[in-house]
Amino acid sequence: MSMLVITGTGTGVGKTITTAAIAALAAGQGQRVAVLKPAQTGVGPDEPGDLADVLRLAGPVTTRELRRYPDPLSPEAAARLSGLPTLPPSEIAAAASDLDGEHDLTLIEGAGGLLVRFDADGASLADVAWSLGALVIIVAEAGLGTLNATALTAEVATKRGLTVAGVIIGSWPEDPDLASVSNLQDLPVAAGAPLLGVLPAGLGDAEPEEFAARARAGLSPWFGGEFDPECFVGRASAQK
């Protein structure tokens with residue numbers, strides 16, 4: 001059994017698409033895959049959330065959502081504003097452990113970054129990862145500013161006793177600028193971990209078959225993909 005915590009350097013960096021891509025490759029290899037979204041914010045009771053995108057793109061994997069809050073805020077702030085219960089890390093860890101017992105791979109997708117608060121005590125995804133002993137995957141942006149955010153996330157993770165397995169660029173632009181190309185070499189340094197994938201912008205609009213093929217091209221063999229960071233860096237650099 002295996003668990004991975006998927007965190008980001010912020011919101012909107014491509015965590016859900018990355019989670020779906022990892023799930024799609026694992027499911028395509030015949031693995032039993034579960035995706036846990038502890039807290040979904042900014043979505044109403046009857047509206048599709050991130051797990052709907054995972055199912056649409058990755059196919060019939062197991063999904064579980066523990067809390068849903070209507071306001072687009074951190075889980076703790078959204079719970080406070082709505083008057084709904086907060087989400088203690090012990091409940092997240094218990095749900096992840098239950099899923100892990102029945103699946104080959106369990107992916108835990110956070111909300112925002114690693115230290116976004118789940119409750120008034122300041123519990124975060126970092127606490128969940130630590131309690132589970134799960135590896136952490138950092139999803140980062142491609143362009144200017146990503147190195148600092150990635151380094152901060154990795155440093156906090158390391159100081160809290162977590163292991164960062166690698167960094168993935170969640171949305172690679174069709175026409176990357178100089179900073180994005182340069183960051184391909186600098187992001188692994190900032191993360192203290194290898195570049196495990198680069199996923200193209202707009203991937204979430206693909207049909208499932210195309211999504212799986214592009215996920216395979218954009219993710220490391222560590223996930224069952226074909227991504228070669230040296231070749232990708234070489235091609236990107238040659239275009240500049």
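## Strands, helices and cores

Val5 stands opposite Val136 in strand S5. This pair belongs to a parallel pairing of S1 and S5 that has five bridges. The model is predicted.

**Strand S5 and its partners**

- S5 spans residues 135–140, and five of its six residues are buried.
- S5 also runs parallel to strand S6 (residues 164–172), with five bridges joining the two.

**Strand S2 and its partners**

- Strand S2 covers residues 33–41. Nine of its nine residues are buried, so S2 is largely enclosed by the rest of the structure.
- S2 pairs with strand S3 (residues 62–69) in the parallel sense, over seven bridges.
- Ala39 has Arg67 as its bridge partner in S3.
- S2 is also joined to strand S4 (residues 105–113) by four bridges, again in parallel.
- Val33 stands opposite Leu105 of S4.
- A right-handed β-α-β unit is formed by S2, helix H2 (residues 50–58) and S3.

**Helix H4**

- H4 runs over residues 89–100. Its 12 residues should span 16 Å at 1.5 Å a residue, and its end C-alpha atoms are 16 Å apart, which agrees.
- The buried residues of H4 are Pro89, Ile92, Ala93, Ala95, Ala96, Leu99 and Asp100.
- Viewed down the helix axis, these buried residues fall within an arc of 160°, so they line one face of H4.
- An α-helix has 3.6 residues a turn, so residues three or four places apart point the same way.
- Ser90 and Asp98 are exposed, on the face of H4 turned away from the buried side.
- The cover over the buried residues of H4 includes strand S1 (2–8), S2, S3, S4 and helix H5 (125–132).

**Nonpolar cores**

- The largest nonpolar core has 46 residues. Leu36, Ile108, Leu132, Ile169, Trp172, Leu184 and Val198 touch the most other members.
- Another core, of 32 residues, lies apart from the largest one; among its members are Val33, Leu199, Ala206 and Leu219.
- Beyond its neighbours within four places in sequence, Trp172 is in contact with residues including Ala142, Ser180, Val181, Leu184, Val198, Pro200, Phe232 and Ala236.
- Leu199 and Ala201 are also among the contacts of Trp172.

Definitions and conventions: Residues are numbered from 1 along each chain as its sequence is written. This is a predicted model: local features need pLDDT of at least 70, side-chain atom pairs count only at pLDDT 80 or more; totals for chains, interfaces and linings use all residues. Side-chain values use heavy atoms; hydrogens and water are left out. Buried means under 20% relative accessible area, exposed over 50%, partly exposed in between (1.4 Å probe, protein chains only). Two strands pair if DSSP finds at least two bridges between them. A crossover is right-handed if, with the strands pointing away from the viewer, the path from the first strand over the helix to the second runs clockwise. The expected span of a helix is 1.5 Å times one less than its number of residues. The arc is that of the directions from the helix axis to the C-beta atoms. Contact means heavy atoms within 4.5 Å. A nonpolar core is a set of buried Ala, Val, Leu, Ile, Met, Phe, Trp, Tyr and Cys residues joined through side-chain atoms within 4.5 Å.
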